[in-house]
Amino acid sequence: LMQLFRPLDLLGMVYRTIRQGLIDMEAMFRLIDTDAEIRDRPDAPPLEIRAGEVRFEHVVFGYEPERTILKDVSFTVPPGSTLAIVGHSGAGKSTIARLLFRFYDIQGGRILIDGQDIAQVRQTSLRRAIGIVPQDMVLFNDTIGFNIGYGRDDATQADIEAAARGAAIDRFIETQPLGYDTRVGERGLKLSGGEKQRVAIARTLVKDPPILILDEATSALDSRTEAAIQGVLEDVSARRTTIIVAHRLSTIVHADNIIVLEDGRIAEQGTHASLLASGGIYAQMWARQAAERMNPEAGEIAVRRS
Ligand code: ATP
């Protein structure tokens with residue numbers, strides 16, 4: 001009997017490990033179809049996407065009962081707009097993204113998409129509506145075309161190539177001897193960080209979700225690659241409701257709204273300009289990161305002063 005249980009244990013462990021990060025939740029959900037903890041109600045209807053509004057209402061959540069991570073978080077992301085979430089490490093930025101994907105159920109409040117409580121709708125329909133560009137994508141040991149088309153079951157070669165163009169990785173793929181049939185991974189083509197991110201973006205374009213979560217990489221790519229990817233991401237997020245889990249403030253200057261998380265609550269919110277003008281936490285974080293960009297040691301001084 002124990003042997004029967006072992007694979008389940010292992011799956012559970014893999015599941016728990018992967019969901020620590022926003023690593024690549026979509027890939028994971030496809031690999032492990034069974035979700036032990038979050039279940040659909042038997043009569044759960046599918047999510048009906050209209051304009052794509054995302055709304056958190058007094059959300060309370062902790063991974064463990066004795067430690068509440070989000071204490072009372074409310075915000076609305078109007079359809080097609082971009083929200084950036086900032087805050088110190090561990091403030092709960094990625095947690096908000098995980099909750100929108102319903103990785104966990106919340107302990108208080110509601111999370112709504114176009115007015116529908118995400119806990120009441122069919123999970124497959126919820127996850128179909130949300131695309132994630134993770135920090136670190138899992139590439140399958142398969143062709144580059146497969147890795148891009150993975151975003152949608154019925155993706156055609158034309159869809160894959162259009163997505164590659166949208167993510168500006170088409171030229172790179174076409175220079176490979178086998179083109180889209182080039183294998184990636186262990187024994188195939190090794191992709192750089194920037195190329196991997198482009199594959200992740202292309203995969204999202206194939207999926208074409210109305211809601212997008214961008215989990216910004218903590219470490220910067222070289223500045224040319226960074227600027228190019230930033231441009232591609234701006235195109236991808238135009239017309240979609242977008243939530244950016246932000247680490248570097250320089251990339252979110254144009255967000256429609258920015259929320260600053262602190263102690264489980266939204267401490268400040270507004271545009272880049274209004275938050276700078278109000279001279280609070282965001283303004284301090286901005287000054288510190290600007291100083292770090294100029295001179296890493298000056299950044300240290302700014303941290304100690306604040
Ligand atoms: P960073 O900027 O470092 O990525 P973050 O703001 O995204 O941080 P989260 O990943 O949302 O922070 O984590 C918020 C808090 O929840 C952290 O204190 C973290 O230790 C805790 N936490 C995250 N995942 C779990 C888990 N599975 N079980 C228990 N605690 C967790």
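## Confidence

Across the chain, pLDDT averages 84, and 83% of the residues score at least 70. The model scores are ipTM 0.97 and pTM 0.84.

This is a predicted model, in which local features need pLDDT of at least 70 and side-chain atom pairs count only at pLDDT 80 or more, while totals for chains, interfaces and linings use all residues. Residues are numbered from 1 along each chain as its sequence is written, and side-chain values use heavy atoms, with hydrogens and water left out.

## Overall make-up

The chain has twelve helices and ten strands. These are DSSP runs numbered from the N terminus: helices are H or I, at least four residues, and strands are E, at least two. Of the 306 residues, 48% are buried. Buried means under 20% relative accessible area, with a 1.4 Å probe and protein chains only. Among contacts with a separation of 6 or more, 71% join residues 24 or more positions apart.

## Nonpolar cores

The largest nonpolar core has 38 residues. Such a core is a set of buried Ala, Val, Leu, Ile, Met, Phe, Trp, Tyr and Cys residues joined through side-chain atoms within 4.5 Å. Val86, Ile148, Ile201, Ile252, Ile258 and Tyr282 have the most contacts inside it. Elements giving two or more residues include strand 3 (82–87), helix 8 (193–207), strand 9 (257–262) and helix 11 (281–294). Helix 8 gives the largest share, five residues.

Val86 reaches well beyond its sequence neighbours. Leaving aside those within four places, its contacts include Lys93, Ala246, Ile252, Ile258, Tyr282 and Met285. Another core, of 34 residues, lies apart from the largest one; Leu83, Ile96, Tyr104 and Ile211 are among its members.

## Helix 8 against helix 9

Helix 8 and helix 9 pack at an angle of about 5°, with axes 11 Å apart. Axes are lines fitted to C-alpha atoms over the stretch in contact, and angles run from 0 to 180 degrees between N-to-C directions. The two helices are therefore roughly parallel, the term for angles under 35 degrees. Helix 8 makes the contact through Gly194, Gln197, Arg198, Ile201 and Leu205. Helix 9 answers with Thr225, Ala228, Ile229, Val232, Leu233 and Val236.

## Helix 3

Helix 3 (residues 93–100) is mostly covered, with seven of its eight residues buried. Among them are Lys93, Arg98 and Leu100. Arginine 102 follows the helix, with a positive phi near 55°.

Conventions
Buried < 20%, exposed > 50% of the residue type's maximum accessible area, 1.4 Å probe, protein only. pLDDT = per-residue confidence, 0-100. Contact = heavy atoms within 4.5 Å. Parallel < 35°, antiparallel > 145°, perpendicular 65-115°, else oblique.
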